[in-house]
Structures are given as structure tokens and as C-alpha cells.
Amino acid sequence: MEIVASLVAELEAVTFADRGADDVTGLLVDAVVAWAEGRGWRTYRRAASVVPLPPPYERQHSVLDVACARPDGPPVVVEVDHGDRKRTVDKLAAEAGAGRVAVWVRWGTGRLAVPAGVHLVALPVTARTGLQGRGRRYSRVPDLPAPEHSAGGGSWTAEELDLDIALVLRAYTAFAQGDIDAAVAGLAPDVDWVEPDEFPGGGHHRGPAAVAAYLRASYDGWSELHSEPVAHRRGDQIVIVHHVWGVLRDGGRHEATVADVFTVEDGRVVLMMAYADPADAFR
């Protein structure tokens, strides 16, 4: 079905790094709404379903994440879930039975069979346990093939896919997981990594080994770390506004927002300039 294929293409462009479950679901719901509105349809969040609630609330109806009214066909209804939810499957089966185009966007793993008439959009993610066992964090940053064969990439903000952005965001995901070797895998052999002098260990770090040592010391300074990078393309450069927060090894809480400006050549980072004040990176 063309509608489903179009939605699949839209959601494949949505990537994210180190997000909580509610954030991921909200991001995907927003992407569904943007997709439908781009087709000129009216959209309704938390729209009434054809399925009534169980007693004693049978006069009320369950709700759908997104319902779309279109002039040239029956409504399109979409549910977005993390993993399996039998209630969602039953609800969408009833919607399909009522003549609506029923779509289930299931991110993460799932095993429930999809009934006839319900269209499944499956989005795999990677997951990790938060530091000190607090919650689960999810990422969907595309794997990159070898540079000479590569095409595409992405930013979790659902912007147009960009190979270099994907390369850089993978490094942030790796850093947040404490995988420093993966964090420096995309660096050129002669990379120049420049941190503000006022930062601990600030200054120039040349070569992947020196950068790895700096990043490892930075990561080890946290007992709990949360990382939220947002990518912006600026000509040939990529600006990452990086918000970090958590608990330091000494028990103190810390929060900061910085900017890192990357220059990528031939699929490798050759220069990174960090700014304590993000506004300086856009001047």
C-alpha cells in the first residue's frame, strides 16, 4: 500500500540518540503527524477509537495516537508503541474492521502476530541500561557502511539524512555508553581535537589515541551521565549543541550545554573545536 510505504520512508529518516521511552514515542508521534500534514490531511491526536472502554466506562471510547482525515479515502489511524501491546493490536483490528487504514508503528522488539488488515511498521532500536541501573535509554542511529560505498545517515531531529551527521552522532552515543574506542573510531589519524583551555584537560589533542585518553578521563569523571546532542549542518561543518547532566564522582550534580564544531573529510573527522558558550559556535 502506497500510504504505508510512504510512512515507512518518513519514519526511517527519524533517528535519535540516548532517549527515554516516552521521548522516543513522542518523537515518532510527531513524525507521523508531520507526515500526514505534509500530505494535506487533517490530523487529530488522541482521537476517539471505535473501541469502547470496558465497564463501567463503556460509554467512553479508547483513544488513538493519531487519526488522519483525508478527502480521497477512509481515515488513516496510527498507534505508536514500544514493543508489544495486545490492547493496541485488538484496537487496530477493530479499526480495520470499521474500514479504516490501520497502522501499527512498533519500535523495539515484538512478537505479537499482526491481524489481517493491520499494517505493521517495525523500527528496530538499540538499548542500554542507564548509569547506576536507572532506566533504559534507546538509540536509532543508522549503521554506516564503508565510506566508499556509503550513502545516507541521520540526525534524531528528523532532519534530512546526512552521512556526516550520522557519523558524529554515533560517536556521542558511544561516549554516553562509555565505549570510548567506538567514540573515536570515526577520527582521522591526524585529527586535531581542541577543547577550551578552561576545561579540565583542555587544549589540543592530536590523533585518536590522545582524543581517547581525553574522552576516557572526561567520562570517568561521572558516576551518572545523561547526554543529549542536537546536530546542525552549517555549510561544510557540523555543529553539535551538547546538553549533559548527571552526578559527578564526588557526588555533586552538574549540568552544562556546550557546542562542538566538527569538520569531516572523506568520512573521517579531521577537526573538532569545542566552545563553552554554544553561541560562539554560530558566530
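1. Helices α1 and α2 pack at an angle of about 130°, and their axes lie 10 Å apart; that angle makes α1 oblique to α2, given that angles under 35 degrees count as roughly parallel, over 145 as roughly antiparallel, 65 to 115 as roughly perpendicular and the rest as oblique. Axes here are lines fitted to C-alpha atoms, for helices over the stretch in contact, and angles run from 0 to 180 degrees between N-to-C directions. The model is a predicted one, in which local features need pLDDT of at least 70 and side-chain atom pairs count only at pLDDT 80 or more, while totals for chains, interfaces and linings use all residues. Residues are numbered from 1 along each chain as its sequence is written, and side-chain values use heavy atoms, with hydrogens and water left out.

2. The crossing of α1 past α2 is right-handed, a crossing being left-handed if the near helix is turned anticlockwise from the far one by less than a right angle, and right-handed if clockwise. On the α1 side the contact (heavy atoms within 4.5 Å) is made by I3, S6, L7, E10 and L11, and on the α2 side by L28, A31, V32 and W35. By class, this contact has 7 nonpolar, 1 polar and 1 charged residues, where Ala, Val, Leu, Ile, Met, Phe, Trp, Tyr, Cys and Pro count as nonpolar, Asp, Glu, Lys and Arg as charged, and the others, Gly among them, as polar.

3. An open sheet of 5 strands runs in the order β2-β3-β4-β5-β6 with mixed pairing, and its edge strands, each pairing on one side only, are β2 (42–52) and β6 (118–123). Helices (H or I, at least four residues) and strands (E, at least two) are DSSP runs numbered from the N terminus, and two strands pair if DSSP finds at least two bridges between them. Neighbouring strands of this sheet are turned by 35° against each other on average, direction ignored. Helix α1 (residues 2–12) packs on the sheet, where it touches β4, β5 and β6, and its direction makes about 15° with that of β6; helix α2 (residues 21–38) lies across β2, β3, β4, β5 and β6 and runs at about 110° to β2.

4. Within that sheet, β4 (residues 76–82) and β5 (residues 101–107) pair in the parallel sense over 7 bridges, with V76 standing opposite V101 in β5.

5. Another open sheet has 6 strands in the order β10-β9-β14-β13-β12-β11, again with mixed pairing; β10 (203–206) and β11 (222–234) are its edge strands, and its neighbouring strands are turned by 20° against each other on average, direction ignored. Strand β9 (residues 187–195) pairs with β14 in the parallel sense over 4 bridges, and V269 in β14 is the bridge partner of L187. Helix α4 lies across β11, β12, β13 and β14, running at about 175° to β11, whereas helix α6 (residues 208–220) touches β9, β10 and β11, its direction making about 45° with that of β9.

6. Two backbone values deserve a check, because most residues other than glycine have a negative phi. R46, in strand β2, has a positive phi of about 50° and is exposed at 61% relative accessible area (buried means under 20%, exposed over 50%, partly exposed in between, with a 1.4 Å probe and protein chains only). D266, in the loop between β13 and β14, has a positive phi near 55° and counts as exposed at 76% relative accessibility.
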